[in-house]
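Subject: Handing over the model, with notes on what was found

Dear colleague,

I am passing on the structure below, followed by my notes on it.

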Amino acid sequence: MSGIVQVRDLTKTYDGGFQALKGVSLDIEQGEIIALLGPNGAGKTTLISTICGITSPSSGQVTVGGHDIMRDYRAARQLIGLVPQEVSIEPFEFVRNTVRFSRGLFGKRHDPAFLEQILKDLSLWDKRNNRNVTLSGGMKRRVMIAKALAHEPRVLFLDEPTAGVDVELRRDMWDLVERLRQDGVTIILTTHYIEEAEAIADRIGVINKGELLLVEDKTALMARMGKKEMRIELTSAVGALPAALSGYDLSIEDDGRVLVYSYDTKGERTGITSLLRDLQSAGLTLRDVQTSQSSLEDIFVGLVRESAA
């Protein structure tokens, strides 16, 4: 099945020679949620802006719903909703008019019931007769989201949508994202809250220095690159590892009271059974044992460091 968004060998070089995108290729399927992760300046916003037709590519091709963003801009843009990082709404306009105008801008027929539902979903209904300038920062962000949804897009881009907003808006946002996904809307988001990507995304893309390092199913990625860690608390501290334990990937923490053992969950053998046996043979007594799985953040940081090396 071909993706609703298709990106092929996309590059973007700005005046002065800075290359913001370097041959990015990506397929995004209808109805999926994909999170793009990357440090500041990695190329996330440039990629989104190019797909949305705000920035012209230097080379490559992008289609949305089969429409080329350069040759058939209007049809492609009709399918796209965009919530940019920066809040930009007419300060002295009323909330209801701001959202209504955005719908009309795309040639959609007037539908008061639909707009009312959007405003209610985003807890804006009680603010519909307020001027934008009177709203808090979080409420202005809600208006931006309502604007992006007003023309019923099939592809929604969320560029750092919850940066600097309150916990309530963040929760409302992800509830809304899930409802949109159930309606078949494709959602591409960038976020610095990696735990959010881990919670809601189907696939994870990691971009750094204009290159797409990977795009992979979230669960498969965490299984493939994730490691587990076992923390072994000892009844008595050790100054150094006994020679019998030198073959294990062990480190000493908490002034010798804790041994940390890292192991690959994909391996045929974890080595835990033999480690526990050798610990006993070395005369070490265990007080407690805890295990933890590496998070998506651990994987992301490792990938970015690797690409920077």
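For the helix packing described next, an axis is a line fitted to C-alpha atoms, taken for helices over the stretch in contact, and the angle between two axes runs from 0 to 180 degrees between their N-to-C directions. Please keep in mind throughout that this is a predicted model.

With that in hand, I begin with helix H5 (137-149) and helix H6 (residues 167-182), whose axes come within 11 Å and cross at roughly 15°. Since angles under 35 degrees count as roughly parallel, H5 and H6 are therefore roughly parallel to each other, and their crossing is right-handed. On the H5 side the contact is made by Gly 138, Arg 141, Arg 142, Ile 145 and Leu 149, which meet Glu 168, Leu 169, Asp 172, Met 173, Leu 176 and Leu 180 in H6. Sorted by class, the residues of this contact of H5 with H6 come to 6 nonpolar, 1 polar and 4 charged.

H5 also packs with helix H3 (95-105), and here the axes of H3 and H5 come within 7 Å, crossing at roughly 30°. H3 and H5 are therefore roughly parallel to each other as well, and the crossing of H3 and H5 is again right-handed. In this case Val 95, Thr 98, Val 99 and Ser 102 of H3 meet Val 143, Ala 146 and Lys 147 of H5, so that, by class, the contact of H3 with H5 holds 4 nonpolar, 2 polar and 1 charged residues.

The residues in contact are Val 95, Val 99, Arg 100 and Arg 103 from H3, together with Phe 114, Leu 115 and Leu 119 from H4. These residues of the contact of H3 with H4 divide into 5 nonpolar, no polar and 2 charged.

By class, the lining of the largest pocket comprises 10 nonpolar, 6 polar and 5 charged residues.

Asp 9, which is found in strand S1 (residues 5-13), has a phi near 50°, a positive value in a residue other than glycine. Glu 152, which is found in the loop between H5 and strand S7 (155-159), likewise is not a glycine and has a positive phi of about 55°.

Finally, I would draw your attention to Ala 237, which is placed in the loop between strand S11 (227-234) and strand S12 (250-253). When its neighbours within four places in sequence are left aside, Ala 237 is in contact with Asp 255, Gly 256 and Arg 257. Ala 237 and Thr 285, which are 48 residues apart in sequence, are 10.0 Å apart in space, C-alpha to C-alpha.

With best regards

Notes:
Residues are numbered from 1 along each chain as its sequence is written. This is a predicted model: local features need pLDDT of at least 70, side-chain atom pairs count only at pLDDT 80 or more; totals for chains, interfaces and linings use all residues. Side-chain values use heavy atoms; hydrogens and water are left out. Helices (H or I, at least four residues) and strands (E, at least two) are DSSP runs, numbered from the N terminus. Contact means heavy atoms within 4.5 Å. Angles under 35 degrees count as roughly parallel, over 145 as roughly antiparallel, 65 to 115 as roughly perpendicular and the rest as oblique. A crossing is left-handed if the near helix is turned anticlockwise from the far one by less than a right angle, and right-handed if clockwise.
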